[in-house]
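Dear colleague,

I am handing over the structure we spoke about, with the notes that go with it. Please read them beside the coordinates.

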Amino acid sequence: MIHPSISDLTSNNNVNRYTLVVATAKCARIITEEYVKQRECAEKIALKDGDKKSAVTNLINKDYRDEKAVKLAINGLHEGDFKVIELDGTEKYLTSKAPEAKEAEETEAAE
């Protein structure tokens with residue numbers, strides 16, 4: 001079972017389950033496309049270097065390589081890496097933290 005659960009993601013916001021499923025699917029598609037791009041680049045580099053299989057896996061982002069796209073999408077939605085944009089243009093984050101608080105944390109971590 002993937003954590004956070006659907007009830008955790010929908011409890012704090014006005015996002016229904018259908019919206020959550022569609023957002024997760026779109027995020028998973030983005031993650032899968034990024035994995036494919038990274039894999040293609042890694043394979044091209046490996047062919048130039050003499051077809052080293054271990055080099056291919058090392059060149060791909062560890063998260064994309066080791067985790068399932070849906071799990072990464074759910075975690076990304078929960079952590080605020082992705083946002084849900086409604087038809088009327090309003091943006092919703094499925095995290096308890098505001099985007100400004102997350103940016104402040106990242107700035108502190110970088111320093």
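Predicted model: local features only at pLDDT ≥ 70, side-chain atom pairs only at ≥ 80, totals over all residues.

Residues are numbered from 1 along each chain as its sequence is written, and side-chain values use heavy atoms, with hydrogens and water left out.

**Overall layout**

The protein chain has six helices and two strands, taken as DSSP runs numbered from the N terminus (H or I with at least four residues for helices, E with at least two for strands). Along the sequence these follow the pattern α-α-α-α-α-β-β-α. Of the 111 residues, 26% count as buried, where buried means under 20% relative accessible area, exposed means over 50%, and partly exposed lies in between (1.4 Å probe, protein chains only). Taking contact to mean heavy atoms within 4.5 Å, residues 24 or more positions apart account for 49% of the contacts with a separation of 6 or more.

**Helix α2**

Helix α2 covers residues 17-48. Its 32 residues should span 46 Å at 1.5 Å a residue, and its end C-alpha atoms are 47 Å apart, which agrees; the expected span is 1.5 Å times one less than the number of residues. The buried residues of α2 are T19, L20, A23, T24, C27, A28, I31, Q38, A42 and A46. When reading that list, bear in mind that an α-helix has 3.6 residues a turn, so residues three or four places apart point the same way.

At the start of α2, a side-chain oxygen of N16 comes within 3.2 Å of the backbone nitrogen of Y18. R17, also in α2, is exposed because its relative accessible area is 54%. Leaving aside neighbours within four places in sequence, R17 is in contact with I6 and T10, and the C-alpha atoms of R17 and I6, which are 11 residues apart along the chain, are separated by 7.3 Å.

A volume is the space filled by probe spheres set on the points, which are joined across faces, edges and corners.

The largest pocket holds about 250 Å³ of space, and its lining consists of Y18, T19, V22, A23, K26, C27, K83, V84, I85, E86 and L87. The elements that give two or more residues to this lining are α2 and β1 (84-85), with the largest share, six residues, coming from α2. By class, the lining has seven nonpolar, one polar and three charged residues, with Ala, Val, Leu, Ile, Met, Phe, Trp, Tyr, Cys and Pro counted as nonpolar, Asp, Glu, Lys and Arg as charged, and the others, Gly among them, as polar.

The second largest pocket holds about 150 Å³ of space, and α5 gives the most to its lining, with four residues.

Best wishes

Methods. Polar contact = N/O pair within 3.5 Å; in protein donor to acceptor, adjacent residues only side chain to side chain. 1 Å grid on protein atoms, 1.4 Å probe; cavity = no way out; pocket = protein on both sides within 12 Å on 5 of 7 lines; lining within 4 Å.
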